[in-house]
Amino acid sequence: MSENALRGLPAVHRFLSDPRIAAFDAVLGRERVKTAVQAVLEDVRISPGLENASASLPALSTAVLERLERERCESLLPLVNATGVLLHTNLGRAPLAPEALDAVTRLGAGYTNLEYDVLEGRRGSRYERTNALLTGLTGAAGALVVNNCAAAVLLVLDTFAKDREVIVARGELVEIGGGFRLPDVMRRSGAVLVEAGSTNKTYIEDYERALSPRTALLLRTHPSNYAMTGFVAHVDARALSALRRRAGIPLVEDLGSGALVDLAEYGLPHERTVREALAEGVDLVTFSGDKVLGGPQAGIIAGSAALIARLRSNPLLRALRVDKLTLAALGATLQLYASPERRNEIPFFAMLRTSLDDLRRRAQAYCAAVPQAAAVPSSAYAGGGTLAQCEVPSIAIEITPPGGARTLVERLRKRELPIVARIEEGRVLLDLRTILPHQDPFVIDALRQVLE
Ligand SMILES: *Cc1c(COP(=O)(O)O)cnc(C)c1O
């Protein structure tokens with residue numbers, strides 16, 4: 001007699017033949033499902049004095065299903081972003097273009113020339129693979145790709161400013177979402193922070209006063225989702241560039257988002273492009289691959305060839321290097337910048353340029369299928385650090401559920417394809433600008449089911 005039977009517990013196979021539990025085979029694999037059943041039974045076995053009711057097949061099946069659902073949600077899942085925030089760090093930032101995904105499949109499935117020179121038949125460098133594209137798009141003489149923008153900043157500080165001083169305007173010493181704090185990154189790199197100016201006003205004289213024989217570089221940072229208005233003064237890059245020439249030290253700028261094109265074309269405020277920053281005399285810029293660039297997570301450093309060469313010879317680079325899949329996706333994304341038409345295949349730009357009329361048409365399909373739904377004007381947000389506060393006019397599906405907004409949002413989130421919506425004043429809003437059009441039928445179906 002099995003131990004389960006001894007304790008009066010149902011046998012494992014009885015759970016495995018429950019279609020609701022068996023459905024998890026496809027998602028988690030048979031072994032994990034079996035392990036989950038055994039774990040639930042084990043919990044009952046070792047807890048003394050459990051009521052008979054909680055050891056019944058239906059009660060135990062519910063416990064198994066909850067456990068399986070928790071395990072499913074802990075794995076990396078696709079979901080529907082109905083928040084209206086286009087570049088949402090919690091939701092994986094930029095979705096990739098089909099071309100980028102094709103490149104990942106094509107190059108990831110076999111061997112590549114990642115570190116091999118096919119012309120000469122000898123060792124090559126992974127860091128060359130996207131260089132021509134990056135220098136062509138930014139006007140930089142050299143470029144280097146690392147894991148993310150935080151890694152890019154760390155590498156720059158470690159290479160040029162270890163045990164030396166870096167001058168930063170006090171108003172730029174900010175924390176960016178996700179715990180990126182410039183003063184902390186600087187401390188870890190061994191650079192000594194020297195603050196210039198006051199919180200709200202910094203003049204070129206403040207930088208001049210902060211210069212010392214130990215100064216290694218001047219650093220500008222994009223304050224990202226922090227904005228100061230009113231009684232403020234900043235020093236522009238041109239003035240700093242003149243100062244860095246006199247002092248004979250590099251000027252570095254952490255752009256964060258790193259626009260490669262003028263975002264005003266997409267109805268956003270003009271964001272200084274990488275090319276513009278370099279043209280103003282910045283020696284090196286750092287930016288992310290998965291913000292407005294619309295590619296995979298990566299940190300890109302672009303600028304002076306001599307400085308890039310020094311970064312490349314830093315042994316720390318080995319710990320920050322990118323893999324072939326990132327380079328494949330980044331290269332394919334950058335190729336789409338060849339023309340405005342192709343660039344619109346990048347989901348970030350496609351979402352931005354979708355017209356309100358298109359969104360209204362999509363909203364009609366929702367309202368026709370879901371009696372409780374209404375189409376309302378909404379504000380989507382570009383997101384992604386530097387553009388966090390930039391509003392993009394949009395259309396949302398509004399639902400005021402009788403059972404409360406929180407319950408509805410929770411039920412949408414717990415779907416097999418989770419839907420992340422937002423609540424505003426007791427109403428649930430699903431912003432259509434960030435719902436990918438091919439997801440509409442799933443979302444409509446989900447709304448009908450959960451509102452039933
Ligand atoms: C987003 C951001 C970073 C961090 O970029 P990651 O790619 O997430 O590491 C650094 N600096 C600025 C100014 C940013 O906006």
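Visitor: How far is an oxygen atom of the ligand from an N or O atom in the side chain of S288?
Guide: The model is a predicted one. S288 is among the residues around the ligand. Between an N or O atom of the S288 side chain and an oxygen atom of the ligand, the distance is 2.7 Å.

Visitor: Why is helix 7 described as oblique to helix 16?
Guide: Helix 7 (residues 98-108) and helix 16 (residues 324-335) have axes that come within 8 Å and cross at roughly 140 degrees. Angles over 145 degrees count as roughly antiparallel and 65 to 115 as roughly perpendicular, so the crossing falls in the remaining class. Helix 7 is therefore, relative to helix 16, oblique.

Visitor: How many nonpolar, polar and charged residues has the contact of helix 7 with helix 16?
Guide: From helix 7, the contact involves E99, A100, A103, V104, L107 and G108, which meet K324, L325, A328, A329, A332 and T333 of helix 16. Sorted by class, these are 8 nonpolar, 2 polar and 2 charged residues.

Visitor: Is the crossing of helix 5 and helix 6 left-handed or right-handed?
Guide: Helix 5 (residues 30-46) packs against helix 6 (residues 57-74) at an angle of about 130 degrees, and their axes are 9 Å apart. The two helices are therefore oblique to each other. The handedness of the crossing of helix 5 and helix 6 is right-handed.

Visitor: How many charged residues has the contact of helix 5 with helix 6?
Guide: Helix 5 contributes R32, V33, A36, V37, A39, V40, L41, D43 and V44, while helix 6 contributes L60, A63, V64, R67, L68 and E71. By class, this contact has 11 nonpolar and no polar residues, and the number of charged residues is 4.

Methods:
Residues numbered from 1 in each chain as written. Predicted model: local features only at pLDDT ≥ 70, side-chain atom pairs only at ≥ 80, totals over all residues. Heavy atoms only, no water. Axes fitted to C-alpha atoms, helices over the stretch in contact; angles between N-to-C directions. Helix = DSSP H or I, 4+ residues; strand = E, 2+ residues; numbered from the N terminus. Parallel < 35°, antiparallel > 145°, perpendicular 65-115°, else oblique. Contact = heavy atoms within 4.5 Å. Nonpolar A, V, L, I, M, F, W, Y, C, P; charged D, E, K, R; others polar. Near = heavy atom within 4 Å. Polar contact = N/O pair within 3.5 Å; in protein donor to acceptor, adjacent residues only side chain to side chain. Left-handed = near helix turned anticlockwise from the far one by under 90°.
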